[in-house]
Amino acid sequence: MNAPKSVRASAPVPVGADGTVRTEGRVADLVAAEDVLLFVNAAITATGQREFRSGAAEQQLSLDFLHTYVRVNYRRVYAASLALDINHHNAALIVRRLLETAGEASPGELRAEGRLIAARLALLPPPRVYRLFGELRRGKVNNRRTRAIMRDWLAARPDLGHDAVKYRAGLKTVARHIHLPCPEGGGPLAEVGAFLFRPGRLPRYEHGLLDAWRRAHYEQGAVAELPFTVAEGFAAKHGMKREVFLKRAAPGMTRLERLRTQERRAAAGRHGAPAPKADLTVMPLTRLALYVLSLGFEQRAERRAELTGALRAAARRAAGGHAGSWGRVHAVLDDSFSSSGSGQKRRRPLAVALACHHLLEVLAAPGAYRGLWTSGAGDALLVRPWGPTPLGMRILDALEPGADGAAPDRLVIVSDGWDNAPEGLAGEVLRVWRARLDPARRTAVVHVNPVYDAEGFAVRGLAAGVATAGIRDAEDLPALVEIARFAEGRTGTTELYAYLDRRVARFTGAGGEGGVAA
Amino acid sequence: MNRLELTGLTARPSQVWGGVRLVPLVREAPVEGLRLHREVYEGLGAGIVELGPRARYVSYIPHGLVADWSGGDGTDPAAGRRSAAYGTQFGGDDAPRAVPLPALPHHRMARRRPGDRLRFLPLHLALEGYLALHFGGPSTAWEEWSRTALRDGLSPRAEDAYLGRSVRGLADALRIFEIHPGQCGVMVYVSDALAAAFVVPHPDDYRLLHASLVEDLYGELVHQYALYGAPVPRVPVRIGGEEHIRDLDGLRSAARAQERAWARAHDTLFARELLDSSYAFDRVYRMGSFTLWRFLPPFVRDSGGQHIGETITGHKGQVAYLKTFRLSDAQIRRGHLLRTLAGADWELDRAAAALGSDRRELVRRLRAAGFSALLKGGVRDCPHTAENRRKPR
């Protein structure tokens, strides 16, 4: 139960006991480090959804292969990646795979994995966890350890009554799967048990939400007390007017629900009393960028002050202690047609670029930031995904000295890596520039890529010497840049594994008290 | 006029997806005074065109183009409304949407609309020109020609083409293609063979018509190349002579040189067969200072791809609109045979001499090309009958 063991021990080519590394071992070590970075980048970006250039099935197939490959070859790294900023889809996938193949791990590994899984589950959104538990049930993964993990997660839920109403099917599945004792008689758990398994027996519930659910069947007033997703069904059943219902349900909505229904409620507000507006300043940066991009050009121009203010505030919050510490930063941001994403990830790459634009502005020293869009657009608020990707020329523009006549300290490129006007020019420019004009590496170049390339099993890079990191939410940028360092090939694998160890220790230390023992 | 003048159009770097390479063509400034609009026909694209009193053209015709040389920008709703005719409905955004009854044929390939507008059926105009090549049949009643040939000519004449959707990879390549600012055209290469060229006068028109490429017709060769061909190698640029680069400006000019090199390479290497051929132009319609033509290639064999097509040119001959169709080898052969026969007044021996072979070989070739019905049953390519029937003198 002490700090987890070094993940390096899981590399297929073992390092000698005395610490000496043979030459062929070093090569294998490099390959291992590359695999790890490949997987981490994929786990950050890929969501198994349709992308601009590949379908959902291709993405899932490709991701599935990577997961199996890394799990079999580098099991500890596979588990340790739960401590990184990977996306929810991959986190759930990793947890499932780890629990499915628990037999392949040693007891020590199991303990470390259990702690990581518990810490990650605590961070995942509940619908995601309930879906994961449902998959485990369908996969017939039912052992003492899995049940304990589920039980502990349920025990940490603040209000099971709320879950019973909102995630009724999910909670019921879990309760069945882990044999959750729901005694008859008094107590909150008994009531939840009665609600799930013996509905309609009790004349009324002590728990407010459970009772509201009961009353909502015949009383419109009770509908607004329920969580929004549940209330929507009842509203439809009662034939309530959408605008009226939205206005009444607004106080009970989650942050995102409020943002999603904002336009609809604004339309209702035009006729009657002004609807309560979602507080944009508390939204996470990338979400906010997505919302801004979903608005029309007129609306964006009209609400310029409000939107820009909210974006800046979110960026300042995301930057935290890093604000102003990056020196002169120049950025190349991709707003080509491919940044429109797909029907499932609408405008996601562009939103990431927009969010990065604001975040970098905060991270850079005051007044030392310059962001260049590939289309040549000057107004960040009015960007649209259109046109080709002349990345090479824009990089050249970005390498020009800034206002104070000095070369930038950092060059950040946010792009899906498909440089097509002409193809490969960006890589060539960076290569020649590094070889001829900046051999001393005064300027650090990092490429962040929001799109997983299913065919290449990785995020698409630009040039050999440029580190490429996957990105999902712009908020993670400072952490990603740290990882991208390892991809340049100048820092050794030892550092990479040490870094992973540090992240794991911080992660389980912060959120994993009372870790689940096997 | 016997060449295509693509002056004013610059090739920009190509975008490759699988076996399909799309080369954008960009205009510095749009062509003044001409706009194209699309009108969509219902009935799943089944279309009949009345060519004359006795001739009909039947094909898949999903849409037509309306050329407007009235000088307006084409967004004037009144201009759209003027084209309203029988069976026309208006779409949500005031776009005219022709809905012909299935039994009601299109009248002619190109037809004047009220005002300065001309409706024509893209690609079918050119294909009909190819199908109608010496459609009347033998001009002199030599005894080898059958009675059908003398009475009806080549009718019925049919050629095969493939819909863009069935050309593998084309739909995806068009979907993910990133349209350049000011782009007025595109060259479609399949397995690096030129499949089609498409040029319009205005970038806004191009943006609307880009997706219509997938509903166009493509030759058999294009379909086969797409089906069996390997992905085209992407050729990323290389900056050579890097040891001479000393500052950012040097690097920038090296990068610019790469862009220019590509444009030059495209015109001389990729599109040479289209631009360097001489065509037989046939004027279809004159609209103000613009002229709508269709053209046929020289039908010479073994000289790479041969393209038929239609074009609208300005008064100096520069191309404002262009759409081409790549003929398959069999189609080139047929065109070549018909041309030679017509040149020899349909006299078999003279035609054979022009082809540098003998009568037997010519008959065999005619039959192999699908023109058996033109010849009398008795005319054989076997020696004894050929010996018996000498030419009538």
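Trainee: Hi! How far apart do the C-alpha centres of domain 1 and domain 2 of chain A lie?

Mentor: Those two centres are 30 Å apart. This is a predicted model, where local features need pLDDT of at least 70 and side-chain atom pairs count only at pLDDT 80 or more, while totals for chains, interfaces and linings use all residues. Residues are numbered from 1 along each chain as its sequence is written, with chains lettered from A and ligands numbered from 1 in the order in which they are written.

Trainee: Where are those domains in chain A?

Mentor: Domain 1 covers 7–249 and domain 2 covers 285–504; such bounds come from an automatic or database domain assignment.

Trainee: And how many residues of domain 1 of chain A are in contact with domain 2 of chain A?

Mentor: 31 residues of domain 1 of chain A are in contact with 31 residues of domain 2 of chain A. Contact requires C-beta atoms, placed from the backbone, to lie within 7 Å.

Trainee: Which helix gives the largest share of that side of domain 1 of chain A?

Mentor: H1(A) does, with 12 residues. Helices here are DSSP runs (H or I, at least four residues), numbered from the N terminus.

Trainee: Switching topic: how many residues of chain A are in contact with chain B?

Mentor: 27 residues of chain A are in contact with 23 residues of chain B. Helix H20 (391–399) and helix H21 (425–437) of chain A each supply at least two residues of the side of chain A that touches chain B.

Trainee: Which gives the most to that side of chain A?

Mentor: H21(A), with 9 residues.

How values were computed
Two residues are in contact if their C-beta atoms, placed from the backbone, lie within 7 Å.
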